[in-house]
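Student: I would like to take a close look at a single part of this protein and then see how the rest of the chain is arranged around such sites. Please keep to what can be read from the coordinates.

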Amino acid sequence: MGSGPAAGTVRARYLVYFQYVGTDFNGVAAVRGAQRAVGVQNYLEEAAERLKSVVPVKFVISSRTDAGVHALSNAAHLDVQRRSGQPPFSPEVLTQALNTHLKHPAIRVLQAFRVHSDFHARYAATSRTYLYRLATGCPRPDQLSVFERNRCWALRADYLDVAAMQEAAQHLLGTHDFSAFQSAGSPSTSSVRTLRRASVSPDPASPFVLPQESRRLRFWTLEFESQSFLYRQVRRMTAILVAVGLGALTPTEVKVILESRDPLGRHQTRVAPAHGLFLKSVLYGGLRDRAGNPSCAQQESQGPEGREAPGQPEDLRRETRDPKAGGLE
C-alpha cells in the first residue's frame, strides 16, 4: 500500500466486509488486463475510485474464492488517503459510499471498521468457515427451482447416509497433512492444517421450492471451520463425504485417503462443483459485528477450473489437471 502517506495527507486503513453471489464472476480476485472475465474485486475497486483517494485504493482480500463460489461474508482491508484538511471517512460513510457506487447487483458491502495501519485482512484472520449446500432427489437439473440453481449441488440420489458421512467427517478433524485434499496450483508451502469443525446436517425446507416438490427434494449443509484451508480443500472433502453418503466409500476409507497424502488417488481427484460453496465467515480477534457477534468473513479460494462445465453427467466431477493461476480453493 505504498511507503507512507504523502506530506499533509491522512491515510486510514479499513477492514471491509462484503458479500456476493459468485455466479457471474471469475472468482473474487481482480482480473487485470483486457480479458473479458472479471472478479468481484474489480467492481469494488471501481466503486472505490469515487472516494477520490490521493493514492488509488486497492483491496487486499482475506479469502480468495473460485469462479462460481459465493460469499455470505468475505473481508478485505484497504487504505484511503485523503487530501490535507480532509478527515478520514467514518466506517458508516465508507460503507454507504461503496454501496452507492457499486455497479453490480450481486455485490454488497456489509460494514467497515477502522483498523491499525499494519492490520492485514488475510494474515490476521483467526478462523474461516465454509458452508456447502446439497440437494437430493433431483434426477434432472430442470427439476430444481430456478431460485436454487447455482446455489447448491443437486444430486440424483434420493438418499444420503448422513450417519456414515458424519462418521467419516470425524476422521478429518484435528491437525493433519491434508495433501490428499489439495489441488495442484496451491501456493501454500505446508499442507498441514487443523480442521476444527466438520458437520453434516439437514437444512429446513427451502422457501423457494413449491410444496408439492418439497416432498421429493431435501437439502443438506456441510460446514468446515479452520484458520485456513488448502486450495480446493473444502470442495474435495465435500466430494469425498458425498461419496460416503452415496455408498461409494466407507468412513474408514476416508481415513485411508487422508493418510495416503496422495492428491491423485482414485477417489480424491473428484471435486464438488463450485456453485454449492459459500464462504460463511472469517473471524478476527477483538472485532465484533453489528449484532454483537465476533465479526466474520469467509474463504474458499479462486481456483483453476472456474465454474463447473454444464452438462457433465457425473454427480462427482473429476478435476482438471491444469488450474488457472492465482487461486486457493
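Does Cys138 count as buried or exposed, and at what relative accessibility?

Tutor: Cys138 counts as buried, at 2% relative accessibility; buried means under 20% relative accessible area, exposed over 50%, and partly exposed in between, with a 1.4 Å probe and protein chains only. The model is a predicted one, in which local features need pLDDT of at least 70, side-chain atom pairs count only at pLDDT 80 or more, and totals for chains, interfaces and linings use all residues. Residues are numbered from 1 along each chain as its sequence is written, and side-chain values use heavy atoms, with hydrogens and water left out.

The sulfur of Cys138 has its closest cysteine sulfur in Cys152, at 7.5 Å, and is therefore too far away for a bond. A disulfide is taken as a pair of cysteine sulfur atoms within 2.5 Å, and by this rule the count is zero. Cys152 is likewise in no disulfide, the nearest cysteine sulfur being that of Cys138. Cys152 is buried, with 2% relative accessibility.

The largest has 80 residues, and Leu15, Leu134 and Tyr284 have the most contacts inside it. A second, separate core of seven residues includes Cys152 together with Ala135, Leu144 and Val209. In soluble globular proteins, nonpolar side chains tend to be buried together.

Helices (H or I, at least four residues) and strands (E, at least two) are DSSP runs, numbered from the N terminus. In H2, residues 91–101, the buried residues are Pro91, Leu94, Thr95, Ala97 and Leu98. These residues are on the same side of H2, because they cover an arc of only 165° around the axis, the arc being that of the directions from the helix axis to the C-beta atoms. The face turned away from the buried side carries the exposed Glu92, Gln96 and Thr100. Among the elements that cover the buried residues of H2 are strand E1 (10–20), helix H1 (40–48), E3 and strand E4 (107–115).

Strand E3 spans residues 70–82 and contains Asn74. Asn74 is buried, at 0% relative accessibility, and its side chain reaches the backbone oxygen of Ser63 at 2.7 Å.

Arg196, in strand E8 (residues 192–202), is partly exposed at 41% relative accessibility. A polar atom of the Arg196 side chain lies 2.9 Å from the backbone oxygen of Thr126. Not counting residues up to four places away in sequence, Arg196 touches Thr126, Ser127, Leu173, Glu225, Ser226 and Gln227, where contact means heavy atoms within 4.5 Å.

Ala169 belongs to helix H3, residues 162–170, and is buried, with a relative accessible area of 1%. Leaving aside neighbours within four places in sequence, Ala169 is in contact with Ala198 and Leu241.

Confidence is given by pLDDT, the predictor's confidence in each residue, from 0 to 100. The protein chain averages 86, and 85% of the residues score at least 70. Over residues 289–327 pLDDT stays under 50, although the model has 152 contacts beyond four places in sequence for them. Where pLDDT is low, the predicted coordinates should not be read in detail.

Note on methods: A polar contact is a pair of N or O atoms within 3.5 Å; within protein, one must be able to donate a hydrogen and the other to accept it, and residues adjacent in sequence count only if both atoms are side-chain atoms. A nonpolar core is a set of buried Ala, Val, Leu, Ile, Met, Phe, Trp, Tyr and Cys residues joined through side-chain atoms within 4.5 Å.
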